[in-house]
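Hi,

Here is the structure I promised to pass on. Have a look at it first, then read my notes below.

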Amino acid sequence: MSSNSSNIVFDDIFTINAIDKEGKKFDRVSRLYAHSKNYDMDLTLDYNVELYPLNVDDSFTLALASSLARGPPGTAEGEEDKDRDVWRPDGKGRRGLEEDYEYVMYGKVYRFDGGTAEIVTAYASFGGLLMSLTGSFRHMTSVVLGDPVYLLMRK
């Protein structure tokens with residue numbers, strides 16, 4: 001899972017069980033249903049099929065990060081607070097975690113269910129594309145309600 005030397009708050013390998021099992025509602029967006037190999041987590045995720053095509057039985061790595069900066073906050077050489085979360089599509093500036101992944105979304109954790117139970121669900125919205133992640137609270141202790149989050153995926 002996550003470590004103290006990184007901004008990654010959760011990561012695991014998921015295998016897709018189904019895509020759009022309740023019907024396709026939008027042309028460019030699909031909803032995938034997946035289960036993780038290491039932590040026995042269930043994931044439901046909306047994603048852009050034109051940017052990142054996926055199929056049933058595909059496996060992918062999913063990471064949630066509090067920042068795209070490499071290493072814990074404030075440790076990058078010459079890092080200043082004003083450009084801590086700078087990302088530029090023209091390739092100028094610092095290279096972050098996004099370089100290691102194929103699909104990246106930015107959003108916010110808006111709901112957390114089951115706070116004292118063994119099994120909890122974290123909900124996040126990425127500009128209207130939704131995610132729910134369900135599993136043991138021990139694997140999601142660093143996912144905090146109200147915090148911004150980056151979702152990173154690679155096959």
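Two notes on the source. This is a predicted model, where local features need pLDDT of at least 70 and side-chain atom pairs count only at pLDDT 80 or more, while totals for chains, interfaces and linings use all residues. Residues are numbered from 1 along each chain as its sequence is written, and side-chain values use heavy atoms, with hydrogens and water left out.

Now the overall picture: the protein has 0 helices and 8 strands (DSSP runs numbered from the N terminus: H or I of at least four residues for helices, E of at least two for strands). Buried residues make up 40% of its 155 residues.

Back to T121, which lies in strand 6 (residues 119-126). Its contacts (heavy atoms within 4.5 Å), leaving aside neighbours within four places in sequence, include R111 and T134.

As for rings, there are 6 aromatic pairs in the whole structure (Phe, Tyr or Trp rings, the six-membered one for Trp, with centres within 6.5 Å; planes under 30 degrees apart are stacked, over 60 edge-to-face, the rest tilted). One of them is F10 with Y39, tilted, at 6.2 Å centre to centre and 50° between the planes. F10 lies in strand 1 and Y39 in the loop between strand 2 and strand 3, so this pair ties together parts 29 residues apart in sequence. F10 is also buried, at 0%.

Cheers

How values were computed. Buried < 20%, exposed > 50% of the residue type's maximum accessible area, 1.4 Å probe, protein only.
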